[in-house]
Amino acid sequence: MNKKLKVGIVGAGNIATSCHLPSYQELSDRVEVVAIADIVPERAKDAAEKFGVPHYYDSVEALLAGEPDVDYIDICVWTAAHAPVAIAAAKAGKHILCEKPLAASLEQGLAIEAAVKEAGVQFMLAVVTRYGAEQQKVIELENEGVFGEIYYAKTSYMRRRGTPGGWFTDKELAGGGPVLDIGVHAIDRTWYLMGRPKPISVSAEISYRIGDYKTKGVGRWEPFGKGRGVFDTEDSASVFFRFEGGKSMVAEISWAINGTESATTVLYGSKAGCTFDPLTIYCEDSDGYLSTVKPETTPVNYFTEEIRHFIFCLNTDTTPISPISDAVTVQRMLDGIYRSAEAHKEVEI
Ligand SMILES: NC(=O)c1ccc[n+]([C@@H]2O[C@H](COP(=O)([O-])OP(=O)(O)OC[C@H]3O[C@@H](n4cnc5c(N)ncnc54)[C@H](O)[C@@H]3O)[C@@H](O)[C@H]2O)c1
(Lines give C-alpha, C1' and ligand atoms only; values in the text may rest on other atoms or scores of the structure.)
Protein backbone atom coordinates (compact mmCIF):
# COMPACT_ATOMS: atom_id res chain seq x y z
CA MET A 1 0.00 0.00 0.00
CA ASN A 2 1.44 3.37 -1.02
CA LYS A 3 1.62 6.10 1.58
CA LYS A 4 -0.93 8.91 1.38
CA LEU A 5 1.00 11.94 0.14
CA LYS A 6 0.74 15.45 1.58
CA VAL A 7 0.62 18.39 -0.83
CA GLY A 8 0.80 22.14 -0.31
CA ILE A 9 -0.73 24.29 -3.05
CA VAL A 10 0.79 27.72 -3.77
CA GLY A 11 -1.56 30.09 -5.60
CA ALA A 12 -5.27 30.04 -4.70
CA GLY A 13 -6.59 31.48 -7.97
CA ASN A 14 -8.53 30.10 -10.87
CA ILE A 15 -6.56 27.00 -11.83
CA ALA A 16 -6.15 25.93 -8.20
CA THR A 17 -9.82 26.32 -7.25
CA SER A 18 -11.44 25.28 -10.56
CA CYS A 19 -9.19 22.37 -11.54
CA HIS A 20 -6.53 21.20 -9.06
CA LEU A 21 -8.56 21.26 -5.82
CA PRO A 22 -11.57 19.39 -7.33
CA SER A 23 -9.13 16.78 -8.69
CA TYR A 24 -7.50 16.42 -5.26
CA GLN A 25 -10.99 15.76 -3.84
CA GLU A 26 -11.38 12.94 -6.40
CA LEU A 27 -7.99 11.53 -5.36
CA SER A 28 -8.49 11.94 -1.60
CA ASP A 29 -7.69 8.26 -0.99
CA ARG A 30 -4.09 8.82 -2.07
CA VAL A 31 -3.27 12.50 -1.46
CA GLU A 32 -4.22 15.10 1.15
CA VAL A 33 -4.06 18.86 0.59
CA VAL A 34 -2.63 19.97 3.93
CA ALA A 35 -2.23 23.69 3.15
CA ILE A 36 -2.71 26.41 0.57
CA ALA A 37 -0.86 29.72 0.23
CA ASP A 38 -1.47 32.94 -1.66
CA ILE A 39 0.07 36.41 -1.44
CA VAL A 40 -3.54 37.51 -1.00
CA PRO A 41 -4.23 35.57 2.23
CA GLU A 42 -8.04 35.97 2.03
CA ARG A 43 -7.90 34.03 -1.23
CA ALA A 44 -6.00 31.21 0.46
CA LYS A 45 -8.46 31.33 3.39
CA ASP A 46 -11.52 31.19 1.08
CA ALA A 47 -10.10 28.23 -0.83
CA ALA A 48 -9.13 26.46 2.40
CA GLU A 49 -12.67 26.88 3.79
CA LYS A 50 -14.37 25.84 0.56
CA PHE A 51 -12.26 22.69 0.06
CA GLY A 52 -11.69 21.71 3.68
CA VAL A 53 -7.93 22.41 3.63
CA PRO A 54 -6.73 22.60 7.27
CA HIS A 55 -4.15 25.42 6.96
CA TYR A 56 -3.53 28.51 4.87
CA TYR A 57 -0.53 30.83 4.52
CA ASP A 58 0.53 34.03 2.75
CA SER A 59 3.71 32.73 1.07
CA VAL A 60 5.48 29.57 0.00
CA GLU A 61 8.10 30.24 2.69
CA ALA A 62 5.44 30.36 5.43
CA LEU A 63 3.84 27.18 4.08
CA LEU A 64 7.18 25.33 4.01
CA ALA A 65 7.98 26.48 7.56
CA GLY A 66 4.51 25.59 8.88
CA GLU A 67 4.20 22.24 7.08
CA PRO A 68 7.63 20.56 7.19
CA ASP A 69 6.05 17.15 6.38
CA VAL A 70 4.61 18.18 3.03
CA ASP A 71 5.77 15.80 0.23
CA TYR A 72 5.33 18.15 -2.69
CA ILE A 73 4.37 21.66 -3.69
CA ASP A 74 1.78 22.22 -6.41
CA ILE A 75 2.56 25.57 -8.12
CA CYS A 76 -0.54 27.44 -9.30
CA VAL A 77 0.79 31.03 -9.22
CA TRP A 78 1.12 33.40 -12.17
CA THR A 79 3.96 32.57 -14.49
CA ALA A 80 6.62 35.04 -13.27
CA ALA A 81 6.27 33.56 -9.77
CA HIS A 82 6.89 29.96 -10.90
CA ALA A 83 10.69 30.29 -10.56
CA PRO A 84 10.91 31.81 -7.06
CA VAL A 85 8.27 29.41 -5.70
CA ALA A 86 9.83 26.34 -7.38
CA ILE A 87 13.32 27.27 -6.20
CA ALA A 88 12.09 27.74 -2.61
CA ALA A 89 10.34 24.35 -2.77
CA ALA A 90 13.41 22.59 -4.23
CA LYS A 91 15.70 24.14 -1.60
CA ALA A 92 13.37 22.75 1.08
CA GLY A 93 13.74 19.30 -0.53
CA LYS A 94 10.14 19.18 -1.76
CA HIS A 95 9.02 17.59 -5.02
CA ILE A 96 7.28 19.94 -7.46
CA LEU A 97 4.23 19.86 -9.71
CA CYS A 98 4.25 23.14 -11.69
CA GLU A 99 1.55 24.64 -13.89
CA LYS A 100 2.45 25.49 -17.48
CA PRO A 101 4.43 27.25 -18.87
CA LEU A 102 7.63 26.34 -17.01
CA ALA A 103 8.59 30.00 -16.48
CA ALA A 104 8.30 33.56 -17.75
CA SER A 105 11.70 33.29 -19.50
CA LEU A 106 14.24 30.67 -20.50
CA GLU A 107 16.64 32.09 -17.92
CA GLN A 108 14.08 31.50 -15.14
CA GLY A 109 13.35 28.03 -16.52
CA LEU A 110 17.05 27.15 -16.39
CA ALA A 111 17.22 28.42 -12.79
CA ILE A 112 14.36 26.05 -11.87
CA GLU A 113 16.15 23.17 -13.61
CA ALA A 114 19.39 23.92 -11.70
CA ALA A 115 17.57 24.05 -8.34
CA VAL A 116 15.67 20.81 -9.06
CA LYS A 117 18.86 18.98 -10.08
CA GLU A 118 20.83 20.27 -7.11
CA ALA A 119 18.11 19.23 -4.66
CA GLY A 120 17.51 15.88 -6.40
CA VAL A 121 13.73 16.33 -6.22
CA GLN A 122 11.11 15.21 -8.74
CA PHE A 123 9.63 17.87 -11.03
CA MET A 124 6.66 17.50 -13.32
CA LEU A 125 5.31 20.21 -15.62
CA ALA A 126 1.52 20.27 -15.61
CA VAL A 127 0.99 20.20 -19.38
CA VAL A 128 -2.45 18.78 -19.03
CA THR A 129 -3.25 17.84 -22.62
CA ARG A 130 -0.52 15.18 -22.61
CA TYR A 131 -2.73 13.31 -20.15
CA GLY A 132 -5.84 13.11 -22.32
CA ALA A 133 -7.20 9.68 -23.31
CA GLU A 134 -6.70 10.28 -27.06
CA GLN A 135 -3.13 11.47 -26.55
CA GLN A 136 -2.30 8.42 -24.45
CA LYS A 137 -3.95 6.15 -27.07
CA VAL A 138 -1.71 7.68 -29.76
CA ILE A 139 1.37 6.98 -27.62
CA GLU A 140 0.17 3.36 -27.28
CA LEU A 141 -0.28 3.06 -31.09
CA GLU A 142 3.09 4.72 -31.71
CA ASN A 143 4.74 2.14 -29.46
CA GLU A 144 3.09 -0.59 -31.59
CA GLY A 145 4.66 1.01 -34.70
CA VAL A 146 1.30 1.98 -36.25
CA PHE A 147 2.47 5.42 -37.41
CA GLY A 148 5.94 4.50 -38.68
CA GLU A 149 8.06 7.64 -38.45
CA ILE A 150 6.17 10.84 -37.60
CA TYR A 151 8.00 13.45 -39.67
CA TYR A 152 5.60 16.40 -39.87
CA ALA A 153 2.90 17.90 -37.67
CA LYS A 154 0.57 20.88 -37.66
CA THR A 155 -0.94 22.40 -34.58
CA SER A 156 -3.14 25.36 -33.92
CA TYR A 157 -4.71 27.07 -30.95
CA MET A 158 -6.59 29.99 -32.44
CA ARG A 159 -9.24 32.03 -30.66
CA ARG A 160 -11.27 34.66 -32.49
CA ARG A 161 -11.72 36.82 -29.39
CA GLY A 162 -10.39 34.93 -26.37
CA THR A 163 -7.81 37.08 -24.66
CA PRO A 164 -7.71 36.56 -20.91
CA GLY A 165 -7.68 39.58 -18.61
CA GLY A 166 -5.61 40.49 -15.54
CA TRP A 167 -1.94 39.49 -15.34
CA PHE A 168 -2.06 37.37 -18.53
CA THR A 169 -1.44 40.40 -20.79
CA ASP A 170 1.26 41.90 -18.55
CA LYS A 171 4.69 40.77 -19.79
CA GLU A 172 6.33 41.29 -16.42
CA LEU A 173 3.93 38.82 -14.76
CA ALA A 174 3.22 36.48 -17.70
CA GLY A 175 6.50 36.55 -19.63
CA GLY A 176 4.57 36.71 -22.92
CA GLY A 177 1.12 36.38 -24.46
CA PRO A 178 -0.60 33.44 -26.20
CA VAL A 179 2.73 31.84 -27.15
CA LEU A 180 3.40 31.10 -23.47
CA ASP A 181 -0.23 30.79 -22.37
CA ILE A 182 -1.85 28.51 -24.96
CA GLY A 183 0.94 27.97 -27.51
CA VAL A 184 2.70 25.92 -24.84
CA HIS A 185 -0.23 23.45 -24.81
CA ALA A 186 -0.32 23.01 -28.59
CA ILE A 187 3.45 22.91 -29.11
CA ASP A 188 4.23 20.75 -26.09
CA ARG A 189 1.54 18.17 -26.92
CA THR A 190 2.50 17.98 -30.59
CA TRP A 191 6.25 17.73 -29.95
CA TYR A 192 5.61 15.01 -27.34
CA LEU A 193 3.40 13.03 -29.74
CA MET A 194 6.03 13.40 -32.49
CA GLY A 195 8.38 11.45 -30.22
CA ARG A 196 10.22 14.53 -28.81
CA PRO A 197 12.56 15.16 -31.79
CA LYS A 198 15.56 17.39 -31.04
CA PRO A 199 14.71 21.00 -32.00
CA ILE A 200 17.19 22.62 -34.40
CA SER A 201 15.71 25.99 -35.39
CA VAL A 202 12.57 28.09 -35.54
CA SER A 203 11.21 30.76 -37.84
CA ALA A 204 8.36 32.84 -36.46
CA GLU A 205 6.50 36.11 -36.54
CA ILE A 206 4.43 37.42 -33.66
CA SER A 207 1.93 40.21 -33.89
CA TYR A 208 0.07 42.77 -31.85
CA ARG A 209 -2.57 43.91 -34.35
CA ILE A 210 -5.85 43.33 -32.44
CA GLY A 211 -4.52 43.62 -28.90
CA ASP A 212 -6.77 45.14 -26.27
CA TYR A 213 -9.99 44.86 -28.32
CA LYS A 214 -13.29 46.41 -27.29
CA THR A 215 -15.44 43.97 -29.32
CA LYS A 216 -19.04 43.99 -28.07
CA GLY A 217 -20.76 40.79 -26.97
CA VAL A 218 -17.60 38.95 -25.93
CA GLY A 219 -16.38 38.63 -22.37
CA ARG A 220 -12.85 38.32 -21.04
CA TRP A 221 -11.81 35.33 -18.98
CA GLU A 222 -10.68 36.93 -15.72
CA PRO A 223 -8.06 35.33 -13.49
CA PHE A 224 -8.07 36.12 -9.75
CA GLY A 225 -4.83 38.10 -10.20
CA LYS A 226 -5.90 41.44 -11.66
CA GLY A 227 -2.36 42.58 -12.43
CA ARG A 228 -1.55 46.18 -13.26
CA GLY A 229 -3.93 46.69 -16.19
CA VAL A 230 -1.03 46.48 -18.67
CA PHE A 231 -1.31 44.93 -22.17
CA ASP A 232 2.17 44.62 -23.63
CA THR A 233 2.22 41.04 -24.96
CA GLU A 234 1.69 39.70 -28.50
CA ASP A 235 -1.79 38.54 -29.52
CA SER A 236 -0.80 35.92 -32.13
CA ALA A 237 2.07 34.00 -33.67
CA SER A 238 2.87 31.92 -36.76
CA VAL A 239 5.70 29.42 -36.34
CA PHE A 240 7.79 26.85 -38.23
CA PHE A 241 10.08 24.48 -36.27
CA ARG A 242 12.82 22.31 -37.76
CA PHE A 243 13.85 19.16 -35.86
CA GLU A 244 16.71 16.72 -36.21
CA GLY A 245 16.15 14.08 -38.89
CA GLY A 246 14.36 16.36 -41.36
CA LYS A 247 11.20 16.59 -39.21
CA SER A 248 9.13 19.75 -38.83
CA MET A 249 6.11 21.35 -37.15
CA VAL A 250 3.90 24.29 -38.08
CA ALA A 251 2.10 26.11 -35.25
CA GLU A 252 -0.50 28.89 -35.30
CA ILE A 253 -1.46 30.58 -32.05
CA SER A 254 -3.79 33.44 -31.25
CA TRP A 255 -5.85 34.99 -28.50
CA ALA A 256 -7.62 37.22 -31.04
CA ILE A 257 -7.73 36.91 -34.83
CA ASN A 258 -10.24 37.66 -37.59
CA GLY A 259 -10.82 34.04 -38.66
CA THR A 260 -12.18 30.77 -37.41
CA GLU A 261 -11.43 29.28 -34.00
CA SER A 262 -9.37 26.08 -33.90
CA ALA A 263 -7.58 23.85 -31.44
CA THR A 264 -6.07 21.06 -33.50
CA THR A 265 -3.08 18.79 -33.87
CA VAL A 266 -2.40 16.73 -36.99
CA LEU A 267 0.38 14.13 -37.03
CA TYR A 268 1.78 12.79 -40.30
CA GLY A 269 3.70 9.50 -40.15
CA SER A 270 5.28 7.31 -42.83
CA LYS A 271 2.70 4.55 -42.20
CA ALA A 272 -0.26 6.50 -40.73
CA GLY A 273 -1.36 9.94 -39.58
CA CYS A 274 -4.03 11.16 -37.23
CA THR A 275 -6.29 13.95 -36.09
CA PHE A 276 -8.01 14.38 -32.71
CA ASP A 277 -11.47 15.07 -31.24
CA PRO A 278 -12.41 12.39 -32.20
CA LEU A 279 -9.17 10.47 -32.67
CA THR A 280 -9.04 9.45 -36.34
CA ILE A 281 -6.25 7.40 -37.93
CA TYR A 282 -5.49 7.74 -41.66
CA CYS A 283 -3.64 4.70 -43.04
CA GLU A 284 -3.81 1.81 -45.54
CA ASP A 285 -5.64 -1.37 -44.51
CA SER A 286 -4.09 -4.85 -44.69
CA ASP A 287 -5.29 -5.16 -48.34
CA GLY A 288 -3.59 -1.89 -49.30
CA TYR A 289 -6.70 0.30 -49.57
CA LEU A 290 -7.01 3.71 -47.91
CA SER A 291 -8.56 3.34 -44.50
CA THR A 292 -9.89 5.77 -41.86
CA VAL A 293 -10.22 4.33 -38.37
CA LYS A 294 -11.70 5.88 -35.22
CA PRO A 295 -10.33 4.03 -32.18
CA GLU A 296 -12.55 4.22 -29.09
CA THR A 297 -11.30 6.12 -26.08
CA THR A 298 -13.07 7.01 -22.86
CA PRO A 299 -12.85 10.73 -21.99
CA VAL A 300 -11.03 11.47 -18.73
CA ASN A 301 -10.60 14.50 -16.47
CA TYR A 302 -7.17 15.61 -17.73
CA PHE A 303 -6.29 17.36 -14.45
CA THR A 304 -7.13 14.32 -12.33
CA GLU A 305 -5.10 12.04 -14.62
CA GLU A 306 -2.16 14.45 -14.54
CA ILE A 307 -2.14 14.55 -10.71
CA ARG A 308 -2.73 10.79 -10.50
CA HIS A 309 0.35 10.30 -12.70
CA PHE A 310 2.51 12.53 -10.48
CA ILE A 311 1.40 10.68 -7.34
CA PHE A 312 2.25 7.38 -9.07
CA CYS A 313 5.71 8.73 -9.99
CA LEU A 314 6.41 9.87 -6.42
CA ASN A 315 5.26 6.56 -4.96
CA THR A 316 7.30 4.48 -7.41
CA ASP A 317 10.27 6.83 -7.91
CA THR A 318 9.52 6.93 -11.64
CA THR A 319 10.28 9.87 -13.94
CA PRO A 320 7.07 11.65 -15.00
CA ILE A 321 6.11 11.76 -18.69
CA SER A 322 6.54 15.57 -18.57
CA PRO A 323 9.84 15.92 -16.65
CA ILE A 324 12.04 18.99 -16.17
CA SER A 325 14.13 18.10 -19.26
CA ASP A 326 11.04 18.27 -21.50
CA ALA A 327 9.88 21.46 -19.76
CA VAL A 328 13.22 23.14 -20.51
CA THR A 329 13.27 21.94 -24.14
CA VAL A 330 9.78 23.32 -24.74
CA GLN A 331 10.74 26.59 -23.00
CA ARG A 332 13.74 26.81 -25.40
CA MET A 333 11.34 26.36 -28.34
CA LEU A 334 9.02 29.10 -26.99
CA ASP A 335 11.99 31.40 -26.35
CA GLY A 336 13.13 30.77 -29.94
CA ILE A 337 9.76 32.01 -31.23
CA TYR A 338 10.31 35.41 -29.59
CA ARG A 339 13.96 35.62 -30.71
CA SER A 340 13.08 34.72 -34.30
CA ALA A 341 10.20 37.20 -34.38
CA GLU A 342 12.46 39.95 -33.07
CA ALA A 343 15.16 39.18 -35.66
CA HIS A 344 12.61 38.46 -38.46
CA LYS A 345 14.63 35.41 -39.46
CA GLU A 346 15.21 31.75 -38.58
CA VAL A 347 17.17 31.25 -35.35
CA GLU A 348 18.83 28.22 -33.75
CA ILE A 349 17.22 26.63 -30.71
N1 LIG B 1 -3.47 24.05 -17.54
C2 LIG B 1 -4.28 24.99 -17.95
O3 LIG B 1 -5.07 24.79 -18.85
C4 LIG B 1 -4.21 26.35 -17.29
C5 LIG B 1 -5.29 27.23 -17.37
C6 LIG B 1 -5.20 28.46 -16.73
C7 LIG B 1 -4.04 28.82 -16.06
N8 LIG B 1 -2.99 27.94 -16.02
C9 LIG B 1 -1.74 28.32 -15.33
O10 LIG B 1 -1.97 28.36 -13.92
C11 LIG B 1 -1.21 29.41 -13.33
C12 LIG B 1 -2.15 30.35 -12.56
O13 LIG B 1 -3.13 30.87 -13.43
P14 LIG B 1 -4.58 31.29 -12.88
O15 LIG B 1 -5.45 31.40 -14.06
O16 LIG B 1 -4.98 30.40 -11.78
O17 LIG B 1 -4.25 32.75 -12.32
P18 LIG B 1 -4.97 33.48 -11.09
O19 LIG B 1 -4.57 34.91 -11.17
O20 LIG B 1 -6.42 33.16 -11.05
O21 LIG B 1 -4.27 32.81 -9.80
C22 LIG B 1 -2.93 33.01 -9.53
C23 LIG B 1 -2.79 33.26 -8.02
O24 LIG B 1 -1.40 33.25 -7.68
C25 LIG B 1 -1.23 34.17 -6.62
N26 LIG B 1 0.20 34.47 -6.52
C27 LIG B 1 0.98 35.18 -7.38
N28 LIG B 1 2.26 35.19 -6.98
C29 LIG B 1 2.31 34.45 -5.84
C30 LIG B 1 3.35 34.06 -4.97
N31 LIG B 1 4.62 34.42 -5.18
N32 LIG B 1 3.04 33.31 -3.89
C33 LIG B 1 1.76 32.93 -3.65
N34 LIG B 1 0.72 33.26 -4.45
C35 LIG B 1 0.99 34.00 -5.54
C36 LIG B 1 -2.11 35.33 -7.00
O37 LIG B 1 -2.40 36.17 -5.89
C38 LIG B 1 -3.34 34.61 -7.56
O39 LIG B 1 -4.31 34.40 -6.55
C40 LIG B 1 -0.46 30.10 -14.48
O41 LIG B 1 0.84 29.55 -14.57
C42 LIG B 1 -1.25 29.70 -15.72
O43 LIG B 1 -0.46 29.65 -16.90
C44 LIG B 1 -3.07 26.72 -16.59
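Hi everyone, let's start with the open sheet of 9 strands, whose order is β14-β13-β12-β11-β7-β10-β9-β8-β15, with mixed pairing. Strands here are DSSP E runs of at least two residues, helices are H or I runs of at least four, and both are numbered from the N terminus. Two strands pair if DSSP finds at least two bridges between them. At the edges stand β14 (290-293) and β15 (347-348); each has a single partner strand, so one side of each is left without a neighbour in the sheet.

A quick word on what you are looking at. This is a predicted model, where local features need pLDDT of at least 70 and side-chain atom pairs count only at pLDDT 80 or more, while totals for chains, interfaces and linings use all residues. Residues are numbered from 1 along each chain as its sequence is written.

Now, please find β7 in the sheet. In which sense does β7 pair with strand β11? Strand β7 (residues 150-158) and strand β11 (residues 262-269) are antiparallel, over 8 bridges. One place to look is Ser156, whose bridge partner in β11 is Thr264. With strand β10 (residues 247-254), β7 pairs in the parallel sense over 7 bridges, and there you can see Ala153 opposite Met249 in β10. Moving on from β11, this strand runs antiparallel to strand β12 (residues 273-275), joined by 2 bridges. Tyr268 is opposite Gly273 of β12.

Let's zoom out to the domains. The domain assignment of the protein chain gives domain 1 (5-127 + 304-319) and domain 2 (130-300 + 330-348); such bounds come from an automatic or database assignment. Taken over C-alpha atoms, the centres of domain 1 and domain 2 are 25 Å apart. How many residues does each domain bring to the contact? Domain 1 brings 18 residues and domain 2 brings 19 residues, where contact means that the C-beta atoms of two residues, placed from the backbone, lie within 7 Å. On the side of domain 1 that touches domain 2, α5 (106-119) and α9 (302-316) each supply at least two residues. The largest share of that side, 3 residues, is from α9.

Next, the ligand. Where does the shell around the ligand lie? Domain 1 and domain 2 both give residues to this shell, so it lies between them. There are 30 residues around the ligand, and Gly13, Asn14, Pro223, Phe224 and Gly225 come nearest; a residue counts as near if its C-beta atom, placed from the backbone, lies within 6 Å. Helix α1 (residues 14-26) gives the largest share of the shell, 3 residues.

Now for the inside. The largest nonpolar core has 101 residues, and Val10, Ile36, Ile75, Ala86, Ile96 and Ile337 have the most contacts inside it. By definition, such a core is a set of buried Ala, Val, Leu, Ile, Met, Phe, Trp, Tyr and Cys residues joined through C-beta atoms within 7 Å. Domain 1 and domain 2 each give this core at least three residues. Leaving aside neighbours within four places in sequence, Ile337 touches Val179, Val202, Ala204, Ile206, Ala237 and Val239.

One last stop: Gly219, in the loop between β8 (199-207) and β9 (236-243). Is Gly219 buried or exposed? Gly219 is exposed, with 8 other C-beta atoms within 10 Å. The cut-offs are 20 or more such atoms within 10 Å for buried, 12 or fewer for exposed, and partly exposed in between, with C-beta atoms placed from the backbone.
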